[in-house]
Amino acid sequence: MGRLDSSRAMVYSTSTSLEELPEEEPDSHAALQSHQETLPELDRGALPDVALECAGFLTGIELDVSVMVRSIPLRGFDQQMAHLVTDYMESNGTKFLWKCVPTKVERMPTGQLQTTWRHLESGQEGKAHFDTVLWAVGRAPETKALNLEKIGVEVNNKTGKVIVAANDATSVPHIYAIGDIAEVPTTVFTPLEYGCIGLSEEEAVRRHGEENIEVFHAFYKPLEFTVSERDSSQCYIKVSGFGCEVNCAGLCEMIMNSRMMTLPPPEPLFVLRGAASPVNTLKFHCKTSCGAEPFLFSGQGRDLRLCLWDLAEGRCAVTDTIEAGNVGFCQCSLLDRGSSQKLLAVPGSCSDEPDFGPDPLLLAGYENGSLTLWSLSERRQLCSLSCHNEPVLSLDFDSEKLQGVSGAPDKTIKIWKLDGQNCLKLKRSFDVVNPGISHLCIREDKKILAAAGWDHRIRIFGWKKMSPLAVLRFHTESVHCVTFSDHEMSSDRLMAAGSKDQRISVWSIYNQK
């Protein structure tokens, strides 16, 4: 017979149960060895933050640690932030076995544990010996037996946790929930600490639609960093907002550490004014000889001029001009000739062909949305790729990774590869909020990508994984072009953006070594 409780307020704090574990005998590893058991698949709803936390402190005491991840890290968390955590851990020595599942653990005569795993995509089998195997299977709140729906207490059907307010109150005024059964802000105590509340960006987009979500990025300095004078250059916060109400989507992702990212300025270092028409091309020349100051070319708009800007401190005016003689949409280019010399190529009526060296290749984008690779020496097409549904407006290529990027008037940035047979293959498509990618530029160190948009903004991505890093807002018209300086010192690198508003903004961003 049940018991009836009556009180002004009730507090629930139930225990949690472990998710499915491998069958154990007194010596589980010995049992696995003698019976050759296949390990059961673990619950895919588990959130293995404990695995990363343990891997972090074990690596910190200089142990050799490997983490096996069957799909994605920190399932249910924002994946951009989760990968920032794992990237940081990898850079500090933690090894990751991605898209792998364990199939068998055997104790060897030496006492070590031989772990066998299978790669989920290739099907290939791998083996390694470890001193210790730690299972991180997650835990589930014990709320099903409480029949909370009978009294109107709201529960997250996916996690089984009770939804609570800031004061731990449930949807029923006099009932409260605390501990692991409550849906509360979460902190992951990895080497790069990670705190979050509400929806991940992926879940916010799924619920409200990508066109209704705005993602904000900022850097900040926590109070404890101020008091202890710790380096706050990598304190990072991400907020996804639904419509005009930033708090509606309820996502707040914070990462605090001192080795992840540098602090970009909220405003440009300086602004160059004096262009008599919209700026549609920019080129730096910083590797000058005899200690000369670096300079910047801009043009060529309807004023038929190429402008030369001296970037020495305090100089924000045009120092010289070159008559282009033609107006058009094609951008000028600086061709490296070696010995700190460059050749400036501008659209014109002449047909002179410079010497490009042996067997040069040319990548071109066309109005039908395709990309074509040409052999200039053989004057023939090597391959073509249908990439966009609208005209290709810009492209850039990473010759080290043999990987390129292109943009069009639509809402997508395309990433593609060039294989060993000189064939172009589409790798992935990355969606942006607003249409119109007018220009793309990969920085010389191949770490970040800048995208100039019709929506007056400059978007910064990590080139390795296309992780969104920042959205820079300054211009009042479409941003037509963006470029990075070729300073030899990484700390001196600049980024410049030209706009229809006839201004050039110069920025210093992500200049860590």
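Author: Helices here are DSSP runs of H or I with at least four residues, strands are runs of E with at least two, and both are numbered from the N terminus. Keep in mind that this is a predicted model, where local features need pLDDT of at least 70, side-chain atom pairs count only at pLDDT 80 or more, and totals for chains, interfaces and linings use all residues. Residues are numbered from 1 along each chain as its sequence is written, and side-chain values use heavy atoms, leaving out hydrogens and water.

Helix 2 itself covers residues 49-60, twelve in total, and spans 17 Å from first C-alpha to last, close to the expected 16 Å (1.5 Å times one less than the number of residues). Its buried residues (under 20% relative accessible area, 1.4 Å probe, protein chains only) are Asp-49, Leu-52, Glu-53, Cys-54, Ala-55, Gly-56 and Thr-59. Their cover includes strand 3 (66-69), helix 3 (79-91), strand 4 (95-98) and strand 12 (186-188), with contact meaning heavy atoms within 4.5 Å.

As for phi in general, most residues other than glycine have a negative value. Arg-379, not a glycine, has a positive phi near 55 degrees; this residue lies in the loop between strand 25 (370-375) and strand 26 (380-386). Arg-379 is exposed (over 50%), at 62% relative accessible area. Asn-422 also isn't a glycine, and its phi is positive at about 60 degrees. Asn-422 is in the loop between strand 29 (412-418) and strand 30 (424-431), and its 28% relative accessibility makes it partly exposed (between those two cut-offs of 20% and 50%).
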